[in-house]
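Here is a brief report on helix packing and an aromatic pair. Please view the model alongside the text.

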Amino acid sequence: MATIPPTPVESLGADSNVAAIASGGHASPTITVIPQSVASASPAATAATGKARFTDSSAASGAGAAAKAQYVKDSARSLLLWENPLHSGIVLSSILAFNYVLTNYSPVRVITFALGAATLANLVFVNAWTYGGSLFTHSTANGGIKKPPTMWFLDNANRQPLSHSFIREWADLFVDVVNATAMSLASIVAIDDSKRSIEALAGLGFIYFLSCYISSGTLFIVATIAAFVTPRVYLANKTLIDGHVNRVQTQVSGHLTQLQNTAAKHYNNAAAQAKLKMASAQKVKKQE
């Protein structure tokens, strides 16, 4: 019986893909070595140029971060402008309630009280349900006594409601919010826009001044309510508020111009007097 010689095989590296195509009959398979760079390239790009093309991951990630930051800003704008009153009301009430609970009660007391109250109430309800059902339903007839409605807690827990995808979604949202906030703060601190940085500096000074006379808890409540109320009030009275703001800006600009002119006048007078004194001193030295 004739012996079929083995087909020479090229050595395979770590960056290669192997596509084995078996030929007909009992012949040895033909092994084709495909470089990883060509395999990972898109077919259209490879057919057009004969070379593999790679996508710049840094550019893609930068575009994705900008899109997420814009999404966070749009979501915050929607909440503050009450575009969905139900969502905005729930968020505002939750923030104020959470702040009130943490300010006036210990978190340990809140957690233990909530769990204890839920357990006690459910204990009374389940036993009353079971006893009441036993009065009207035989324990073995028609499937026996039905489970209490509150057992859905246990059923839901057995189905593992806290899935990994749910955690990842909320973690991604938290990271997006932090990144968007960091980008805004970096833009202000780095003086990306002088006007915006000056406005932020004035706001920080005002907050610092208020913190000297108002507690942090009260200041947080006032700031939260103002954040949810001020945009709607501004949109409802935009023309009137803009008129007052423009008038104040005009007056402030006039006062600043007057101060600058006065300071420049005093500076020029002082400089002229200093030059006269220096000139007179030089004359006295020459005479001596």
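This is a predicted model: local features need pLDDT of at least 70, side-chain atom pairs count only at pLDDT 80 or more; totals for chains, interfaces and linings use all residues.

## Aromatic pair

The structure holds 3 aromatic pairs. One of them joins tyrosine 100 and tyrosine 105. Its geometry is edge-to-face. The ring centres are 6.3 Å apart, and the planes make an angle of 70°.

Tyrosine 100 is partly exposed, with a relative accessible area of 47%.

## Helices H4 and H9

Helix H4 covers residues 85-104. Its axis and that of H9 are 11 Å apart, at an angle of about 175°. H4 is therefore roughly antiparallel to H9, as the angle is over 145 degrees.

On the H4 side, the contact uses Ser88, Val91, Leu92, Ile95, Leu96 and Asn99. H9 supplies Gly217, Phe220, Ile221, Thr224, Ile225 and Phe228. The contact of H4 with H9 counts 8 nonpolar and 4 polar residues, with no charged ones.

## Helices H9 and H10

H9 spans residues 216-236, and H10 spans residues 238-287. Their axes lie 5 Å apart and cross at about 95°. That angle makes H9 roughly perpendicular to H10.

Val233, Tyr234, Leu235 and Ala236 are the H9 residues in this contact. They meet Lys238, Ile241 and Asp242 of H10. By class, the contact of H9 with H10 has 5 nonpolar and 2 charged residues, and no polar ones.

Notes: Residues are numbered from 1 along each chain as its sequence is written. Side-chain values use heavy atoms; hydrogens and water are left out. Axes are lines fitted to C-alpha atoms, for helices over the stretch in contact, and angles run from 0 to 180 degrees between N-to-C directions. Helices (H or I, at least four residues) and strands (E, at least two) are DSSP runs, numbered from the N terminus. Angles under 35 degrees count as roughly parallel, over 145 as roughly antiparallel, 65 to 115 as roughly perpendicular and the rest as oblique. Contact means heavy atoms within 4.5 Å. Ala, Val, Leu, Ile, Met, Phe, Trp, Tyr, Cys and Pro count as nonpolar, Asp, Glu, Lys and Arg as charged, and the others, Gly among them, as polar. Rings of Phe, Tyr and Trp (its six-membered ring) pair if their centres lie within 6.5 Å; planes under 30 degrees apart count as stacked, over 60 as edge-to-face and the rest as tilted. Buried means under 20% relative accessible area, exposed over 50%, partly exposed in between (1.4 Å probe, protein chains only).
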